[in-house]
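Dear colleague,

Please find below the structure that I am handing over to you, followed by an account of what was found in it. I would be grateful if you would read the account with the structure open beside it.

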Amino acid sequence: MTDELLTVLKFCFLALLYLFLFRVVRVVTLELKADKIAVPLAALPVTEAPVSQPKRSRGARDESTLVIVAPESREGETFLLDQEITVGRAPGCGIVLADDTFASQVHARIYRQGGKTYVEDLGSTNGTLLNGERISGYVRVRRGDRVQFGQTIAELTR
Amino acid sequence: MSVNRSALGQRRRGHELKLGALALVIVAAGHVLLALSESPAFPRDLWAFLGAILALFVIAHLAVRRLAPRADPTLLPLAALLLGIGYITISRLDVAAGAADRVGPTQALWAAVGVVAFVTTLVLLPTVRALARYRYSFLMLGVIALLLPLVPGLGREINGALLWVRIGPLTVQPGEAAKVLLVVFFAAYLVDKRELLSAGSRRIGRVYLPDPKHLGPLLLPWAASILIMVQQKDLGSSLLFFVAFLAMLYIATGRYGYVVIGTGLFATAAIVAYKTFGHVQSRIDIWINPWQDLQDTGYQLTQSLFAFGSGGFAGTGLGLGRPDVIPVATTDFIFAAIGEELGLLGTIAVLIGFMLLVGSAFRISLQAQRPFLKLFGAGLATILGMQTFVIIGGVTRVIPLTGVTLPFVSYGGSSLVSNFVILALLLRISDESATEAEDDAATEEARRAIESAHA
Amino acid sequence: MNANIRRVGLLMIVLMLILAAQLTYLQVLDAGRLANDPRNSRTFLRDFTGPRGAIIDAAGKVLAHTVPSDDEYGRQRKYPLGDLFSQTVGYQSIVVGSVGIEKEYNDVLSGHDLKSVKIDNLGELLLDKEHTANVILSMRADAQQLAKDTLRGQKGSVVVLEPATGAIVAMYSTPSFDPQPLAAHNPREVQVYFDLLNADPSNPALPRAYRERYPPGSTFKIVTTAAALDTGIATPETDFPSVKSFTPPQAGRPIENFGGRSCGGDLESVFVQSCNSAFALLGVQLGELFPPQMRGFGIFEAPSIDLNPGAVVSLGPPEGSFSTNKPSFALAGIGQGEVATTPLQMALVASGVANGGLIMTPHVAAEVRDGDGRILRTIKPKPWKQAMPVATAMTIRDYMVQVVARGTGTAARISGVAVAGKTGTAQSCETCDPHAWFVAFAPAEAPRYAIAVLVENGGSSGDEATGGRVAAPIAAKMLRFLLGL
């Protein structure tokens with residue numbers, strides 16, 4: 001095998017390497033493009049979307065449970081979420097946080113829709129936190145997530 | 001199964017398969033090229049080799065297809081290529097090595113074990129967020145793994161570093177496992193405490209200083225990294241740990257104060273170590289002037305630099321250089337061996353490969369919605385990136401040389417297996433996030449539809 | 001959080017870019033230095049483990065060859081003649097690098113890059129990787145041995161070359177060294193030997209013949225005479241007054257004739273007597289015309305020679321310095337002051353006179369042959385400098401014949417052969433003994449060999465030494481041997 005031929009083959013090999021890297025970069029750009037398209041679509045206010053039943057809601061039991069984990073005095077209190085429940089210091093709320101001075105009168109609402117649970121802050125002073133992050137508008141809550149209203153923390157158990 | 005109906009999953013797995021096929025072609029080409037440099041005939045084991053790499057990749061790919069169908073499509077092919085290039089380089093070094101010193105077959109075996117670990121991780125871990133629940137168990141396991149080499153009778157010192165534990169016929173590096181375990185703990189811990197940690201109390205100039213009582217999380221990795229540096233004489237892992245944890249702390253809190261204090265702490269420890277410990281001092285001295293004692297202490301690094309220089313722009317060609325004169329070329333200095341035979345074109349290609357791999361890992365972290373997944377992904381990405389930087393920087397004399405492996409490329413079972421686990425975790429995070437996003441989008445659509453119907 | 005992640009990711013990218021920059025530096029910008037660093041064992045390892053051609057003298061005697069060895073390299077380079085050729089053939093060392101012929105002709109000897117051979121000739125030769133070539137020198141081991149014997153351990157150099165071709169026949173200097181230990185494979189031992197060699201105050205590793213400069217003394221009067229004749233400053237008829245000394249302008253210090261005698265007469269007379277007063281005067285009269293004439297002889301320009309490292313440059317008073325430094329030009333006229341030449345350069349000066357004014361490019365190798373003895377390359381004679389017109393060369397040749405016949409160089413007489421020569425006794429410092437020089441060629445009418453002999457600081461004769469007494473007999477012995485007398 002002459003050195004010249006091996007040199008040519010070496011460059012072919014290196015060219016293949018760069019072809020591979022180029023292909024990876026192309027896939028990455030495609031991915032990024034797909035992300036960009038996906039985000040604005042989801043953010044668009046859909047007004048005339050066709051009515052369709054969510055697929056996954058059919059089999060799912062439309063209820064879930066919220067358990068208070070803090071403060072200690074109320075730890076373990078459990079609330080069944082079937083349709084919608086409001087949270088706040090006001091006596092009319094589904095979950096009354098009478099002792100929590102950091103909670104607003106009508107602090108937030110939790111509701112079920114399409115088999116999923118959502119929490120929506122209702123303009124509270126100190127905000128609603130999902131897993132430590134302050135939410136704006138409504139956010140989906142998953143099993144194991146912790147929602148904080150004022151100083152009260154509750155966990156979605158099911 | 002509904003998984004296969006996902007357009008996103010279909011697209012991503014299609015990309016993965018195509019890229020993987022190309023990576024396999026490259027690896028096979030390298031194998032043939034290496035054989036041609038010795039004798040003008042195709043390698044006799046070509047079909048066996050092709051079969052083996054094909055089997056390994058297909059198993060990994062099918063596992064992803066079934067267990068994490070929406071995961072990022074670039075990670076697996078990139079890892080396959082890096083592993084393949086590493087294997088070719090290792091078997092090339094085997095050509096020059098004596099029969100007793102050949103490590104290529106062992107590396108092939110470890111690659112298979114790595115794929116098994118990869119699949120097992122995906123099977124055992126349907127969701128990554130479940131890991132957060134066992135944070136303290138992981139902390140304990142991580143610390144035990146770190147301390148294991150220090151147990152008398154169990155630890156083994158190799159190349160001056162006390163990183164190894166002997167289990168029967170195997171020597172393993174528990175530190176490789178420790179880094180993953182501790183990243184899990186730290187991600188979970190930071191998600192819990194980030195509100196608290198973000199609250200700045202004092203302010204100096206534009207930098208908020210965290211409350212002293214919240215420095216605990218900073219001191220733990222600091223202590224761990226000092227322990228590694230001093231007790232195990234492993235500067236590379238020490239730096240790796242600390243930077244990864246600092247990066248996660250910063251990501252969680254957004255506070256430069258931690259970065260400043262952390263860097264200060266580490267620098268102080270490094271200076272003290274430099275003054276106190278001979279091995280640290282000699283590493284730094286070699287870095288500053290490797291030419292001083294070329295025959296002895298500076299030998300490894302200068303041989304590495306010579307290899308890069310001799311390779312030049314286009315390299316000598318596979319099998320045509322003398323990478324066998326580089327010390328410990330299959331592990332610490334494998335990048336120098338690549339540099340000699342594939343030249344700058346080859347080293348930059350490998351570097352771009354790592355950039356894409358680490359970049360994809362960070363992209364996974366960005367795309368995740370849950371803070372724990374974000375932090376965990378970013379931590380793993382930082383570990384991969386820093387490890388690449390520490391070892392390549394070490395052999396090219398950008399930073400003092402410390403012995404860590406080049407992920408997927410270097411010879412070494414512990415490192416390969418742990419990197420495959422990291423790969424599986426990243427894919428799991430990616431799949432989990434993509435699935436949730438897909439669900440969210442579907443639900444959102446449904447909700448809006450209902451709302452508009454009500455209106 | 002995303003912004004923070006992006007920042008950390010960006011930091012990683014920056015770190016990778018730093019690596020890319022350093023790689024570019026190592027593999028492109030600094031690659032040549034790293035690849036060619038003598039401590040980079042790659043080239044040598046390849047050369048050490050691979051087959052390597054022999055280096056052979058003009059009579060077929062092996063000067064360097066490779067034999068099988070038991071160690072990891074499988075081959076060992078041997079230098080059977082020890083210190084005789086260490087300063088020309090050099091050595092091939094894995095530890096300290098290669099020098100001399102071993103380095104200069106490494107490509108053909110190792111056969112790894114026989115493209116240089118391929119380009120030169122013989123496209124028919126199918127050159128595969130195992131192909132190596134032998135280098136045949138124009139140098140002769142017997143002449144080297146005689147040079148060594150006649151120097152008798154005195155520090156000095158002997159350079160003999162063929163005026164018509166520039167082929168070097170002998171080039172030896174004392175002290176020398178045995179190159180064999182440097183070719184050993186044990187790095188520590190080699191380093192110790194190398195360090196010892198360099199620490200030796202007599203500096204045996206220095207090839208004095210072509211890499212050390214000395215004041216040439218009166219041998220340089222050949223150059224002064226040629227310059228004076230070519231510029232018209234003097235003619236053969238010019239009459240120089242008989243004086244004891246000449247005091248150049250700008251300096252109170254007179255330049256005295258040898259032994260404080262009065263001397264003068266026509267150009268031939270002052271040349272044969274080697275009158276300092278006359279040549280110092282000529283040096284001043286030449287003034288700014290002098291340096292360009294020196295340049296014609298190759299002063300200020302290192303002669304190209306097929307050795308690595310090559311010859312060092314010989315020096316004279318720089319152009320443009322006459323108005324400020326006239327004494328230096330007076331001293332240059334008698335080969336002192338700022339004039340400093342290698343023995344090789346003075347042999348080339350003699351060869352220029354012998355060859356009708358034309359100095360040929362010196363070379364030590366004659367041919368490159370393959371293992372079957374087929375010639376792959378011939379080193380062809382190449383002109384280097386036209387030092388003077390033919391007529392001037394003839395005139396000076398006649399003067400030089402007279403020097404040996406009846407002047408200061410009578411010790412170089414060979415019965416039956418006319419020898420042309422010039423002595424030199426050069427002051428190297430205030431207190432040390434003078435260097436003894438003799439340059440010559442023979443036979444004068446059809447020169448076959450030109451020679452330069454230098455004995456440092458008078459050798460064993462000390463302050464009694466003159467070029468005629470110490471150096472001329474050595475030249476005579478060499479010429480007699482080479483001419484077969």
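At a relative accessibility of 10%, C:Ser274 counts as buried, because the limit for that class is under 20%. Please bear in mind throughout that this is a predicted model. C:Ser274 sits in the loop of chain C that runs between α11 (267-273) and α12 (276-286). Its phi is positive, at about 60°, although the residue is not a glycine.

A second residue of chain C belongs beside it. C:Asn457 is not a glycine either, and its phi is near 50°, again a positive value. Its place is the loop between β17 (449-455) and α17 (467-482) of chain C. With a relative accessible area of 26%, C:Asn457 is partly exposed, because that class lies between 20% and 50%.

The bond from C:Thr174 to C:Pro175 is cis, and its omega is near -5°. C:Pro175 belongs to the loop between β6 (168-174) and α8 (187-199) of chain C. The bond from C:Asn308 to C:Pro309 is likewise cis, with omega near 0°. C:Pro309 is placed in the loop that lies between α13 (290-297) and α14 (326-333) of chain C. Why are such places worth a check? Most residues other than glycine have a negative phi, and most peptide bonds are trans.

I turn next to the interface of chain C and chain B. The contact draws 37 residues from chain C and 53 residues from chain B. C:Met1, C:Gln27 and C:Arg42 together supply 20% of the area that chain C buries against chain B, more than any other three residues. The area buried between the two chains is about 3,700 Å², and carbon and sulfur atoms give 73% of it.

How many salt bridges are there between chain C and chain B? The count is 1. In it, B:Glu340 pairs with C:Arg42, and the closest N and O atoms are 2.6 Å apart. On the side of chain C that touches chain B, α1 (2-29), α2 (31-36), α3 (41-49) and α8 each supply at least two residues. Helix α1 of chain C gives the most to that side, with 21 residues. By class, the residues on that side of chain C divide into 19 nonpolar, 9 polar and 9 charged.

The nonpolar cores come next. The largest has 156 residues, and those with the most contacts inside it are A:Phe20, B:Phe118, B:Leu131, B:Leu190, B:Phe372, B:Leu375 and B:Phe376. Helix α12 (residues 334-367) of chain B gives the most to this core, with 19 residues. Leaving out residues up to four places away in sequence, B:Phe376 touches B:Val128, B:Leu131, B:Val183, B:Val184, B:Ala187, B:Leu425 and B:Ile429. There is also a second, separate core of 136 residues, which includes C:Ala226, C:Phe297, C:Ile305 and C:Leu483.

B:Arg13 is part of helix α1 (residues 7-38) of chain B. Is B:Arg13 buried or exposed? At 1% relative accessibility it counts as buried, because buried means under 20%. Its side chain makes a polar contact of 2.9 Å with the side chain of B:Glu16, and also reaches the backbone oxygen of B:Asp72 at 3.3 Å. Residues up to four places away in sequence apart, B:Arg13 touches B:His61, B:Val64, B:Arg65, B:Ala68, B:Pro69, B:Arg70, B:Ala71, B:Asp72 and B:Pro73.

B:Ile391 belongs to helix α13 (residues 371-395) of chain B, and at 2% relative accessibility it counts as buried. Between B:Ile391 and B:Gly236 there are 155 residues of separation in sequence, yet their C-alpha atoms are 7.7 Å apart in space. Once neighbours within four places in sequence are set aside, B:Ile391 is in contact with B:Asp332, B:Leu401, B:Thr402, B:Val404, B:Thr405 and B:Leu406.

With kind regards

Terms used
Residues are numbered from 1 along each chain as its sequence is written. Chains are lettered from A and ligands numbered from 1 in the order in which they are written. This is a predicted model: local features need pLDDT of at least 70, side-chain atom pairs count only at pLDDT 80 or more; totals for chains, interfaces and linings use all residues. Side-chain values use heavy atoms; hydrogens and water are left out. Helices (H or I, at least four residues) and strands (E, at least two) are DSSP runs, numbered from the N terminus. Buried means under 20% relative accessible area, exposed over 50%, partly exposed in between (1.4 Å probe, protein chains only). Contact means heavy atoms within 4.5 Å. A polar contact is a pair of N or O atoms within 3.5 Å; within protein, one must be able to donate a hydrogen and the other to accept it, and residues adjacent in sequence count only if both atoms are side-chain atoms. Buried area is the accessible area (1.4 Å probe) that two parts lose on being put together, summed over both. A salt bridge is a side-chain nitrogen of Lys or Arg within 4 Å of a carboxyl oxygen of Asp or Glu. Ala, Val, Leu, Ile, Met, Phe, Trp, Tyr, Cys and Pro count as nonpolar, Asp, Glu, Lys and Arg as charged, and the others, Gly among them, as polar. A nonpolar core is a set of buried Ala, Val, Leu, Ile, Met, Phe, Trp, Tyr and Cys residues joined through side-chain atoms within 4.5 Å.
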